[in-house]
Amino acid sequence: MIKILIVEDDENIAKMIRATVTMGGYDSEICSDGPSGLEQMNSGNYDLILLDIMLPGMDGFEVISKRTNDTPVIFITAKQDVLDKVSGLKLGAEDYIVKPFETVELLARIEVVLRRYNKKDHILQYKDITINTDEHTCRQNHQDINLTPKEFDLIVFFIQHQDVAISRSRLLSAIWGYYFEGESRTVDIHIQQLRKKLSLKNYLITIPKLGYRLNKIN
Amino acid sequence: MLAVSTIGILLLKNDFNTSIDMQTKNAISEHSYMVSNISNKIVAARLQSNSILLTTSQILGVLGTIFEDSKINPTTIVALFNKNHRVLYNNVPISLDVAILDRVMGNDQEISKNEGDTDSSSGNNIYYTQILKIDKRMRLIVASPIVLEKQNFIFVTSTDISNIYTSYNSQIRYTKYMCISLSLVCAIILLTLSKLLLRPLANLNRTTAAIATGDYSQRISIYTDDELGELSKNMNIMANAVEENVCQLKEVADNRKTFINNLSHEMKTPLTSILGFADIIRIKRNLSEEELYDYSNIIFDEATRLKNLSGKLMELITIGETNLDFTDIDTADLFSQIELVMKPIMESASIPFTVSCDVCRIHIDLELFKSMIFNLLDNAIKASEKDSPICLTGRKKQDHFEFLIMDKGIGMSEDDISKVTEPFYMVDKARSRKAGGAGLGLALCVSIAEIHGASFHIASKLNEGTTVTISIPISEKGVEKNETQDK
């Protein structure tokens, strides 16, 4: 199981991040100050570090510059300064998330970084559906299912975020890109296609006023 | 310069004219001398030859004897013409031709009438003079009609006066060169002088330009006793004032920026929790009852924190703008009110609380002032362990009344003391947050003290405790009361 280290001094925020990554199916630990965060980081027991910048004892920039291994780091900070972002990325952070953020956004960013580091299995399984993200293939009952690129990205996104309701706008920005000027109708049409092609009518459900959710199979 | 050279040239011209005049006079007198000499010699020759009248050739012979013995200045040319302007005699090969003679006799104006010349044969002799250029030499020609042996002749002498012209010209040239070189020297001197004189101005200009472009630390370095020195002194004073103002503005802007930064951070922290947990509640399937309870509690706490923050913030911003109710308050009343409120709180925290005060009257807004004291006592409680005493003392000190809030708690470092009154500064963030603090309490206290014209001072030592001293002027009406009351 993928293990994430959360270095965050505000107790409630740390708790919230932990609940979020747990939703994403990751294991996690919390550190509430710079020095202990660095120590944990250097133990090499983690696949990803979520690092706050304003930390007691030692700030996030110092922590990242003193780390001894190359575990990927995502900065999570209230500082919105572009300079902070630049210096954070310069120091080798993989990404930079500004507080406050949406739960799914954080999960999606974690997903991207883990995939970049090949820490994610490239075979996804849901019900009788098998997806190979490397080969870009989708099989159901040993039969190839022909999906458009967007449909493929959508089903991958849903399988990665099972049991989580995802808003249309989040789907738009995650699948179509941040600057996509599309309407939520686009999402609805693709969802309908997915349901039809993969017979997910009872699993990929509509959440009123919110969006869609792929239910986990127990 | 022009005037000087003009005067020089005019003087030279005058001098030249004078010397020409002199030369002319000399030539005329020489001429008349020669004329009389000729007359005498002719008379002598006539007596010698015993004839009544000498012939023209005899006259020429006499002339020959006179002028060929070279007693005469060799530069002088002598010539004799008959009335038909024919040359009868000349002593030097240079010949004055008829045309020149014509011009001498015909065109030239008469410049001199030599009267009273006793040596001349006739009483009234007329001399004509002209300056001519002959063979590249300037010659002064003097001509006069003479009568020898009842025959009319024209006697001409010519003197070389080239040297006058040469010296005149060379003087003129010299003067010109002198003038030009002097002008150049003067120009250079003037230029350097003006540059030197204008240098302070250039310096002034440069510095003011630098100040104008925003480099307020620039100062003018002119320390003279003249108007420039005075000007630069005043400019420096102005620059000082400007720099001070700009620094103040900058400080205000910096403070504001820090304040906004801190505020945004303080707002984002609870917001992140609120948004995050609300989102989880919203999107997560099968949220357990326990999770729901936990998350909604956090949301409530964080929202309360935000509410406190905004309340404190409003207080801090509107303090002094709202209508304050200043009245004369008896300190004994004030202290008993404070004690009444604080005693149960102190007891529940197991903290021994002592209150003592001198009695007098102070002019305050009671509610606002009490809130400051409560705030400081609250801080003292937060800093204190169980059974660590807290002391509130009021004492008169000359015309001021001092409030002392003393605890024997954890104290602060020097560094913290200087920053602790800044908005949002928290010595121990985690602890303050847990206690619901926003880091605005002391900033608020300082503002309240300021409104009351009171000084605010914090003395603290790490692990030894903190003493906050507020010193407020005593109300004039309350000075006469002087008894001490202990509680």
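Modeller: A residue is called buried under 20% relative accessible area, exposed over 50% and partly exposed in between (1.4 Å probe, protein chains only). Residues are numbered from 1 along each chain as its sequence is written, while chains are lettered from A and ligands numbered from 1 in the order in which they are written. This is a predicted model, where local features need pLDDT of at least 70, side-chain atom pairs count only at pLDDT 80 or more, and totals for chains, interfaces and linings use all residues; side-chain values use heavy atoms, without hydrogens and water.

Biologist: Does T71(A) count as buried or exposed?

Modeller: T71(A) sits in the loop between α3 (60-66) and β4 (73-77) of chain A, where helices (H or I, at least four residues) and strands (E, at least two) are DSSP runs, numbered from the N terminus. Apart from its neighbours within four places in sequence, T71(A) is in contact with M41(A), Y46(A), D47(A), L48(A) and I49(A), contact being heavy atoms within 4.5 Å. Its relative accessibility is 8%, so T71(A) counts as buried.

Biologist: Which residues have the most contacts inside the largest nonpolar core?

Modeller: A nonpolar core is a set of buried Ala, Val, Leu, Ile, Met, Phe, Trp, Tyr and Cys residues joined through side-chain atoms within 4.5 Å. The largest has 70 residues, and those with the most contacts inside it are I4(A), I17(A), L50(A), I110(A), I131(A) and F158(A).

Biologist: How many residues does the second, separate core have?

Modeller: L50(A), leaving aside its neighbours within four places in sequence, is in contact with residues including L5(A), V21(A), I74(A) and L106(A). The second core is separate; it includes C360(B), L376(B), I448(B) and I472(B), and its residues number 43.

Biologist: What area is buried between chain A and chain B?

Modeller: In contact are 27 residues of chain A and 24 residues of chain B. Buried area is the accessible area (1.4 Å probe) that two parts lose on being put together, summed over both. For chain A and chain B, with carbon and sulfur atoms giving 59%, it is about 2200 Å².

Biologist: Which residues of chain A lose the most area to chain B?

Modeller: Three residues together account for 21% of what the chain A side buries. They are N12(A), M16(A) and P100(A).

Biologist: With which residue does K15(A) form a salt bridge?

Modeller: A salt bridge is a side-chain nitrogen of Lys or Arg within 4 Å of a carboxyl oxygen of Asp or Glu. By that rule three span the interface of chain A and chain B. For K15(A), the closest N and O atoms are 3.1 Å apart, and the partner is D294(B).

Biologist: What supplies the largest share of the side of chain A that touches chain B?

Modeller: Both α1 (11-23) and α5 (103-116) of chain A supply at least two residues of that side. The largest share is eight residues, and it comes from α1(A).

Biologist: Is E339(B) buried or exposed?

Modeller: E339(B) and K343(B) meet in a salt bridge (3.8 Å, N to O). They are separated by about one helical turn because they are four residues apart in helix α7 (residues 331-348) of chain B. K343(B), at 30% relative accessibility, counts as partly exposed. E339(B) has a relative accessible area of 17%, so it is buried.
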